[in-house]
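Subject: Structure handover

Hello,

Here is the structure I promised to pass on. Please open it first, then read the notes below.

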Amino acid sequence: VGATIVSKYKVYDQEDATEYINLLGQGLALASIKPETFGGYHFLILDSDEINAFAAPGGLIFLSRGMLRLCKSEDEVAAVLAHEIGHVELQHALRAIKGSRLTSALTTLAVEGAKSFGGEQLAQLTEAFEGSIGDITGTLMNSGYARKQEFQADASAVRILKAMGYDPLALARMLGEMEKNLKPGGHDFAATHPPPEVRINDLKAA
């Protein structure tokens, strides 16, 4: 999934900035209910003016230069990263895989697990695996998560920010900045997330 994202967006080659968001992100991840993943958390800046951020399932988190530029304080950068960590800990990306595809892959594994895979079975698994990546990247980059999942990630972000001593209201401030800067009909955050005003209202209610 991460490879698909960096095939669309160029990586921002600035070592100090990359080190900074990794130091910040690693600290925030410690306060997550899933502080460790198989490959660990890694944070990368995308060289794009788009206002956007993505989280691949294993803890690979990407944010754009456009998103970073919108942040007026470290608290707001932390709010963006904590929201994406929330998606990882809640396994939202994995839930984007179509149930039928997952069932097909697991059935093939169960039936063929005791013996070596033949060409047909390997082809079925490969198709299911590639389709799963397509399901996830399509959700992240095109359709976005459901409002309920975005709110769950916002709630996780608030908990993480409070635990690490950052201002939990920074998330609402960040969403307010986005509302001012997003272009209707764009292919960025506006296309893949509920309107910031909706999320701000949900946060206030919480």
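At what angle do the axes of helix H9 and helix H11 cross? The model is predicted, and in it they cross at roughly 160°. H9 covers residues 170-181 and H11 covers residues 196-205. Their axes come within 9 Å. Angles over 145 degrees count as roughly antiparallel, so H9 and H11 are roughly antiparallel to each other. The crossing of H9 past H11 is left-handed.

Who makes the contact? On H9, the residues are Leu 171, Ala 172, Leu 175, Gly 176, Met 178 and Glu 179. On H11, they are Pro 196, Glu 197, Arg 199, Ile 200 and Leu 203. By type, the contact of H9 with H11 has 7 nonpolar, 1 polar and 3 charged residues.

Next, the cores. The largest nonpolar core has 35 residues. Leu 28, Ile 61, Leu 63, Met 67, Leu 81 and Ile 85 have the most contacts inside it. Helix H4, residues 74-89, gives the most to this core, with 8 residues.

Ile 85 deserves a look. Not counting residues up to four places away in sequence, Ile 85 touches Gly 25, Leu 28, Ala 29, Ser 32, Tyr 41, Phe 43, Ile 61 and Ile 160.

Last, Gly 66. This residue sits in helix H3, residues 65-70. Gly 66 is buried, with a relative accessible area of 5%. Beyond its neighbours within four places in sequence, Gly 66 contacts Ser 48, Asp 49, Glu 50 and Ile 51.

Best wishes

Methods
Residues numbered from 1 in each chain as written. Predicted model: local features only at pLDDT ≥ 70, side-chain atom pairs only at ≥ 80, totals over all residues. Heavy atoms only, no water. Core = buried A, V, L, I, M, F, W, Y, C linked by side-chain atoms within 4.5 Å. Buried < 20%, exposed > 50% of the residue type's maximum accessible area, 1.4 Å probe, protein only. Helix = DSSP H or I, 4+ residues; strand = E, 2+ residues; numbered from the N terminus. Contact = heavy atoms within 4.5 Å. Axes fitted to C-alpha atoms, helices over the stretch in contact; angles between N-to-C directions. Parallel < 35°, antiparallel > 145°, perpendicular 65-115°, else oblique. Left-handed = near helix turned anticlockwise from the far one by under 90°. Nonpolar A, V, L, I, M, F, W, Y, C, P; charged D, E, K, R; others polar.
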